[in-house]
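Please look over the sequence and the model before reading on.

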Amino acid sequence: MTASTLTHLECSACGQRYPADQLLNLCPACGKPLLARYDLQLAAQTLTKAALAQRPATLWRYEEVLPVQQAAYRLSLGEGWTPLLHAVRLGQEIGCANTYIKDESLNPTGSFKARGLCMAVSRAYELGVQELAIPSAGNAAGAMAAYAALAGLPAHVFMPADVPQTFQVECKVLGAEVTLVNGLITDCGAKVREGVAAHGWFDVSTLKEPYRIEGKKTMGYELAEQFDWTLPDVIIYPTGGGTGLIGMWKAFDEFEAMGLIGSQRPRMVSVQSTGCAPIVRAFAAGEEHAPWWEGARTIADGLRVPAAIGDFLIIRALHASGGTAIAVDDDEMLAYAKLMGSHTGIFPAPEGAACLAAQVHLLSSGWLGPDDRVVLFNTGTGLKYTHAWA
Ligand SMILES: *Cc1c(COP(=O)(O)O)cnc(C)c1O
């Protein structure tokens, strides 16, 4: 047994509760995302600051507040516990000395998708799932394929035919069955639904099952630990489905309930591409739901999400934190990737570079101050996006 204190699942919209060991996708009552809940008082008894100092350098160090019950199902390729780097030269260059980069490119498969899929695949494996499926235009498919390979579970990937070679090849080498679909990511989603109905596959699309967010929330725990039990003033996060942002927001509440941090919260900033900015548009309009973005186009595959099922959760966190949402264009992503690379030694994904572009905009508008402690999320490695530079 692990030390997991998972108690039940709870709908993020209607509040309906379900047993923890039931295999579920969305809330059966209302179709919205389900969230995992824990006995945080119990978790706090063993997940202490002193105990953490002895724990493994992976996201499994937080096992009390992760869902996996039996150690045999804890799949690990070394995900999580990525470096939080003080970007001194970059901070000087842009006039924001306390600029930090959480470098998620060091995760297995080169992106932070490993955190979420590590947890979703582990938990699906534990609950008896036989085959996994995902519609994806990028890093999520590779991460699912990797953990499915580790578990020995068949993996079915449906990708739009125009997905860059790198992402397709990665999935194939990791043993997934890759189907290219002439159409959009929504058409890929329809193919997955067919496979679910016909063959009983389990769909691990983000926030359509409760555990990817549990993997991604660990970024929030790590920030608290790496900043010596404080949180930064501002977090700038490249937002597609928003799973990491919603997850970190949940993680901060959990750590506060466990007495590990106080009530201070970072201002949360969602960055999107001008070619696909549904959250930015909805936030600016004061809406809680973000309608479908027509003609989504960007080199940042992780940001090409025309509609996010957790839109209301992203927007609530932005408001509750005093944050904002901002769009940057693809040319800026490439230019700021170069600025980041040449001043830090990190070759960022365009999504990571988008955070730096947003930071510079927010500094010049005065929304960010030169003394703010700011964390940029480099969510993936630039090595998977060399096509964008061609
Ligand atoms: C998926 C992805 C994102 C967006 O992450 P969400 O948590 O779904 O918003 C950002 N960057 C990269 C590199 C990604 O693969």
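How far does a backbone N or O atom of G240 lie from an oxygen atom of the ligand? The distance is 2.7 Å. This is a predicted model, in which local features need pLDDT of at least 70 and side-chain atom pairs count only at pLDDT 80 or more, while totals for chains, interfaces and linings use all residues. Residues are numbered from 1 along each chain as its sequence is written, and side-chain values use heavy atoms, with hydrogens and water left out.

**The ligand and its surroundings**

| Residue (backbone atom) | Distance to a ligand oxygen atom |
|---|---|
| G240 | 2.7 Å |
| G241 | 3.1 Å |
| G242 | 2.6 Å |

Taken alone, the ligand exposes 380 Å², of which the protein buries 96%; these areas come from the Shrake-Rupley method with a 1.4 Å probe. Around the ligand are 16 residues, and K113, Y237, G240, G242 and T379 come nearest; a residue is counted here if one of its heavy atoms lies within 4 Å of the ligand. This shell divides into 4 nonpolar, 9 polar and 3 charged residues, with Gly counted among the polar ones. Strand β10 (234–238) and helix α10 (243–257) each supply at least two residues of the shell. Helices (H or I, at least four residues) and strands (E, at least two) are DSSP runs, numbered from the N terminus.

**Helix α4**

Helix α4 comprises residues 113–126. Of its 14 residues, 13 are buried, that is, under 20% relative accessible area with a 1.4 Å probe and protein chains only. After α4 comes G128, whose phi is positive, near 90 degrees.

L356 is found in helix α14 (residues 350–364). Because its relative accessibility is 0%, L356 counts as buried. Leaving aside neighbours within four places in sequence, L356 is in contact (heavy atoms within 4.5 Å) with residues including L90, I94 and Y336.

S12 is found in the loop between β1 (6–11) and β2 (17–19). S12 also counts as buried, because its relative accessibility is 13%. A polar atom of the S12 side chain lies 2.8 Å from the backbone oxygen of P33. Not counting residues up to four places away in sequence, S12 touches K32, P33, L35, F312, L313 and R316.

Note on methods
Buried means under 20% relative accessible area, exposed over 50%, partly exposed in between (1.4 Å probe, protein chains only). A polar contact is a pair of N or O atoms within 3.5 Å; within protein, one must be able to donate a hydrogen and the other to accept it, and residues adjacent in sequence count only if both atoms are side-chain atoms. The expected span of a helix is 1.5 Å times one less than its number of residues.
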